[in-house]
Amino acid sequence: MQNQIRILRKQAGISQDTLAKLCNVSRQTINAIENDKYDPTLKLAFSLAQRLETTVDTLFHPTS
């Protein structure tokens with residue numbers, strides 16, 4: 001699953017560490033998601049979308 005988290009996070013001027021704290025996960029989790037090495041839970045996906053002021057379907061795109 002591809003995502004737009006890094007792009008939207010940088011546009012918002014938020015560090016991985018800050019986003020992680022806002023979502024109650026580790027910075028390593030945010031890094032793994034951004035690098036397509038981990039697919040977040042639905043709960044975390046909604047939390048990320050809320051913190052980045054977007055929708056889950058904007059954040060994540062299925063890969064072919």
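## Close-up views of a predicted protein model

**View 1. Charged side chains of the protein.** The protein carries 8 positive and 6 negative side chains, and the centres of the two sets are 7 Å apart. Lys and Arg count as positive and Asp and Glu as negative, while His and the chain ends are not counted. Each charge is placed at NZ of Lys, CZ of Arg, CG of Asp or CD of Glu. This is a predicted model: local features need pLDDT of at least 70, side-chain atom pairs count only at pLDDT 80 or more, and totals for chains, interfaces and linings use all residues. Residues are numbered from 1 along each chain as its sequence is written, and side-chain values use heavy atoms, with hydrogens and water left out.

**View 2. The order of the elements.** Five helices and two strands make up the element list of the protein. Helices (H or I, at least four residues) and strands (E, at least two) are DSSP runs, numbered from the N terminus. From the N terminus on, the order is β-α-α-α-α-α-β.

View 3. Which residues of helix α3 (residues 27-34) are buried? They are I30, A32, I33 and E34. Buried means under 20% relative accessible area (1.4 Å probe, protein chains only). The buried residues of α3 pack against β1 (2-3), α1 (5-11), α2 (16-23), α4 (42-51) and β2 (60-61). Contact here means heavy atoms within 4.5 Å.

**View 4. After helix α3.** D36 follows α3. The phi of D36 is positive, near 55°.

**View 5. Buried share of the protein.** Of the 64 residues in the protein, 33% are buried.

Definitions and conventions. Buried means under 20% relative accessible area, exposed over 50%, partly exposed in between (1.4 Å probe, protein chains only).
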